[in-house]
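The sequence and structure come first.

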Amino acid sequence: MTTKLTNSQVLESVQQLREVIKPRKFRETVELQVALKDYDPAKDKRFVGTVRLPNVHRPSLKICLIADQRHADEAKKEKLDIDVTSLDELKKFNKDKKLVKKWAKQYSLLLASDTVLKKVPTVVGPILTRIGRFPTVVGKESLAQKIVDTRASVKFQLKKVTCMSTAVGTVEMTDDELKSNIMMSLNFLASLLKKGWHNIKSVYIKSTMSPSVKVL
């Protein structure tokens, strides 16, 4: 398979997924599942990459910002739907790994102001890196836009296995919105692979509670 999927193929798969989704009392996530071929995680260079999708697919992603005064004021003024803390607050953990881990695990993602980022490891120790919660930097860009971009981004990372999955939407999104997010995710993933689309063995989509639907 060296050619990429067409929009119509992906749209057809999204419509098939709709048929197997049952009404639930919570917002279901739509997940993209990809299996790679001709890839050896032990030998081949591992890749990591993040791409901003056209449509926000994680509107309720829980985020905490380790803020300087400027960003703390901006978050308050904009009434942003995130938690805000400071280096002084983090110092209260006294580098206790269990306390830092318990705090960080409440969130899907941590952000930090550019003026405080370098001081974070000094204050809490190396534990955030170990548990995959090291903060993403926020610079001079709009904080509100950074939050939107973060909630619309997906990350692909090759670890020890050649199967990967990532959230690309919610069942409340339109078919076209889901199609756009899926296409951009797959095209971006292909750009990270040594032989592009040739390295993609299979693609499935599913909602949180539904069976999988084959796309490729």
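## Overall make-up

The chain has 8 helices and 10 strands. The model is a predicted one. Taken along the principal axes, the C-alpha atoms fill a box of roughly 55 × 45 × 30 Å.

Of the 216 residues in the chain, 45% are buried. Among contacts between residues at least 6 apart in sequence, 78% join residues at least 24 apart.

Strands of a sheet pair through backbone hydrogen bonds, either parallel or antiparallel. Here 4 strands form an open sheet with antiparallel pairing, in the order 8-1-9-10. Strand 8 and strand 10 (213-214) are the edge strands, each pairing on one side only.

Inside that order, strand 1 (residues 29-36) and strand 9 (residues 200-207) are joined in the antiparallel sense over 7 bridges. One of the residues involved is L36, whose bridge partner in strand 9 is I200.

## The largest pocket

The volume of the largest pocket is about 950 Å³. Its lining holds 30 residues, and those closest to the pocket centre are T50, R58, L109, K155 and Q157. By type, the lining divides into 13 nonpolar, 11 polar and 6 charged residues.

Several elements supply at least two lining residues each: strand 5 (109-113), helix 6 (127-130), helix 7 (143-151), strand 7 (153-157) and strand 8 (163-170).

## T170 in strand 8

T170 is found in strand 8. Is T170 buried or exposed? T170 has a relative accessible area of 7%, which is under the 20% limit, so T170 counts as buried.

Leaving aside residues up to four places away in sequence, T170 touches R27, E28, T29, V30, H57, P59 and L178.

## Cysteines

How many disulfides does a search of the whole structure find? The search finds 0 disulfides.

Notes:
Residues are numbered from 1 along each chain as its sequence is written. This is a predicted model: local features need pLDDT of at least 70, side-chain atom pairs count only at pLDDT 80 or more; totals for chains, interfaces and linings use all residues. Side-chain values use heavy atoms; hydrogens and water are left out. On a 1 Å grid over the protein atoms alone, a cavity is a set of points where a 1.4 Å probe fits but cannot get out, and a pocket is an open set with protein on both sides within 12 Å along at least five of seven lines; lining residues have an atom within 4 Å of a point. Grid points are joined across faces, edges and corners, and a volume is the space filled by probe spheres set on the points. Ala, Val, Leu, Ile, Met, Phe, Trp, Tyr, Cys and Pro count as nonpolar, Asp, Glu, Lys and Arg as charged, and the others, Gly among them, as polar. Buried means under 20% relative accessible area, exposed over 50%, partly exposed in between (1.4 Å probe, protein chains only). Contact means heavy atoms within 4.5 Å. A disulfide is a pair of cysteine sulfur atoms within 2.5 Å. Two strands pair if DSSP finds at least two bridges between them.
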